[in-house]
Amino acid sequence: LHLLFIGPPADDVVWGESGTRGCARFLGRALELVVDRKQKRRFVSRKVLVEKHRLINRVTKAIQTFKLNKAVSAFMEFVKVLRSPSITPQEVDLATLKTFAVLLAPFAPHVAAEMWEVLGGADNVFAQPWPEFSPELLRPLESEVGILINNKLRDRMVVEGEPAKAQ
């Protein structure tokens, strides 16, 4: 995982032990997240659902463009969001955790297989279909729009949906 995280495969990189330890800590936090949250789920919040689809999108695109370091970075950001105090353990549903395990499988197969087993997944994590994201969930519900008067920013306001193109 560390080799994938430090940069694109075509780049020359300097090997360091601290990066290996950091990736090991990340995998430990990810496994701990799955174990802690698997029994506490009650519902899925919109924020968690959006983050799940954002992760699917980012990992899929990173694999397609061979920028695997961006996929590992997306995993790390996802775990950080799910562990943040703004998301309660009850907001993380089983489907989100299973999707995370399926996406992680090509990068950390042993950890993903253990997550899948902990989550009670049927069959094998590697036999699961690749998840698809919903473009509708990637669009923001609200956008901040700047109000310009004589080409000077005077105020900002939040509007629902995506802002219209500048006219």
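Colleague: Is threonine 99 buried or exposed?
Modeller: Buried, because its relative accessibility is 13%, and buried means under 20% relative accessible area, with exposed over 50% and partly exposed in between (1.4 Å probe, protein chains only). This is a predicted model, where local features need pLDDT of at least 70, side-chain atom pairs count only at pLDDT 80 or more, and totals for chains, interfaces and linings use all residues. Residues are numbered from 1 along each chain as its sequence is written, and side-chain values use heavy atoms, leaving out hydrogens and water.

Colleague: OK, and what does threonine 99 touch?
Modeller: Lys52, Ile56 and Pro131, not counting residues up to four places away in sequence; contact means heavy atoms within 4.5 Å.

Colleague: Switching topic: how many aromatic pairs are there?
Modeller: Three, from a search of the whole structure. Rings of Phe, Tyr and Trp (its six-membered ring) pair if their centres lie within 6.5 Å; planes under 30 degrees apart count as stacked, over 60 as edge-to-face and the rest as tilted. Phenylalanine 75 and phenylalanine 107 make an edge-to-face pair, 5.3 Å centre to centre with 70° between the planes.

Colleague: Which parts does that pair tie together?
Modeller: Phenylalanine 75 is in helix α4 and phenylalanine 107 is in the loop between α5 (94-104) and α6 (109-118), so the pair links parts 32 residues apart in sequence. Helices here are DSSP runs (H or I, at least four residues), numbered from the N terminus.

Colleague: Which residues form the aromatic cluster?
Modeller: Phe75, Phe78, Phe100 and Phe107.

Key
Helix = DSSP H or I, 4+ residues; strand = E, 2+ residues; numbered from the N terminus.
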